[in-house]
Amino acid sequence: GESQPTPYFYQNLDEAEYVVNTFMYMRLLGYPAERITILTTYNGQKHLLKEIVQKKCVNDPLFGAPGKIATVDKYQGSQNDYVLLSLVRTRSVGHIRDIRRLIVALSRSKFGLYVFGNVALLQQCYELKQAMHELLQRPTNLHLVTNESYPTRRKCGAELQEADYERKDTDASSLQPQPQESEYFTVEGIAHFMHVVNSMANSVRSHFKLQYQAKLNEYKEKAKVALAEKKKKKRMMELELEQTRVREAQEKENEASKKVMVTKTDKEEMDVSDEEQHETVVVDIEVEHDEQKQYELAAAKMALVAAERPDDKEEDGDNDGDDESSSGKSNHDGHVGDDDIEFESSSSSDDNEED
């Protein structure tokens, strides 16, 4: 029931737990957290709701925080898809008796409104009579449909059967009967509801864990394949690099051998040309040396002849002229034979004997 830690600071712990567990159940079905708003008529209940949500939902990735937790007065002018309304009071109706505040509280949702309060107390309020008449057209206890998730494929107004947990068709792995589709069951209290929510949360976590393990195994297999492909490509690249190195080394060796052969050929050609030039120079020097010797012999011969026959030139001018012409011819030719030298030497010897 309601409590009052400080004056006019109204709280209701059981109702707050019920509201938060309803939010958790909706989140387990797949409802988006930002589309759910929790409203209350008192600030004390708002702080209590925030404390419970912070403890149970905010740090759990399955739930998270709702879109908004606020009082009815502060939320005036705003709307959301789903609203959970906590009326708090169990001893007296409180200020929800104001029809304007009641209209604001009941008109903040677009698709779903869940009201948590004391039905017997609210039915006694005359101002709430019309609103309670509309609300009591629906069950006053929370009904949960089995095997359903958000968004639902069940049509509005579809008939549902209440789950019979005493039937004999049980699953082989469990002693409890398995609920069928299009069945519902009634929550019998906050303890029952908390047990349902915790069981569903554990089941969802196990399902996510299996999915995670399957994804992890799939990732490991893909990683192994990718690693094998990478190693294969690396080996291929290493082989290609090794082949390239061998090819480059062979090309360098071939180029080096070609350069050595070209160098030897050039050296041989240079040696041959040097030998030919040397032979040519030697031949030229020998020819020049022979010509110089011949010229010196001829000049010596002429000087000797001129020195031995000075008188003959005066007496026999004609003979001398002939001799001079012959000697000049000899000098002009630059070559004197061995017979001429012997002849001249014999003639000079005859002249000496005559003298």
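This is a predicted model: local features need pLDDT of at least 70, side-chain atom pairs count only at pLDDT 80 or more; totals for chains, interfaces and linings use all residues.

User: Which residue in β4 is the bridge partner of I38?
Analyst: I69 is the partner of I38 in β4. Residues are numbered from 1 along each chain as its sequence is written, and side-chain values use heavy atoms, with hydrogens and water left out.

User: Fine. How many bridges join β3 to β4?
Analyst: There are 4, and the two strands run parallel. Strands here are DSSP E runs of at least two residues, helices are H or I runs of at least four, both numbered from the N terminus. Two strands pair if DSSP finds at least two bridges between them.

User: What's the strand order in that sheet?
Analyst: β4-β3-β5-β6, an open sheet of 4 strands with parallel pairing. β4 (68–71) and β6 (109–116) are the edge strands, each pairing on one side only. On average, neighbouring strands are turned by 20 degrees against each other, direction ignored.

User: And which strands does α1 touch?
Analyst: α1 packs on the sheet and touches β3, β5 and β6, with its direction at about 155 degrees to that of β5. Contact means heavy atoms within 4.5 Å. Angles run from 0 to 180 degrees between N-to-C directions, and axes are lines fitted to C-alpha atoms, for helices over the stretch in contact. α2 lies across β3, β4 and β5, at about 165 degrees to β4.

User: At what angle do α1 and α2 pack?
Analyst: About 45 degrees, with the axes 10 Å apart. That makes α1 oblique to α2; under 35 degrees would be roughly parallel, over 145 roughly antiparallel, 65 to 115 roughly perpendicular, and the rest is oblique. Residues making the contact include V20 and M24 of α1 and L49 and I52 of α2.

User: Switching topic: how many residues has the largest nonpolar core?
Analyst: It has 34, and F23, L84, L144 and F193 have the most contacts inside it. Such a core is a set of buried Ala, Val, Leu, Ile, Met, Phe, Trp, Tyr and Cys residues joined through side-chain atoms within 4.5 Å. Buried means under 20% relative accessible area, exposed over 50%, partly exposed in between, with a 1.4 Å probe and protein chains only.

User: Which element gives the largest share of that core?
Analyst: α1, with 10 residues. Among the elements that each supply at least two are α2 (43–56), β5 (80–86) and α6 (190–308).

User: What does L144 touch, then?
Analyst: Leaving out residues up to four places away in sequence, Y25, E183, Y184, F185, V187, F193 and V196. F185 is also the bridge partner of L144 in β9. β7 (residues 143–145) and β9 (residues 183–186) pair in the antiparallel sense over 3 bridges. β8 (residues 161–162) is joined to β9 by 2 bridges, running parallel.

User: Last one: what share of the residues is buried?
Analyst: 27% of the 355 residues.
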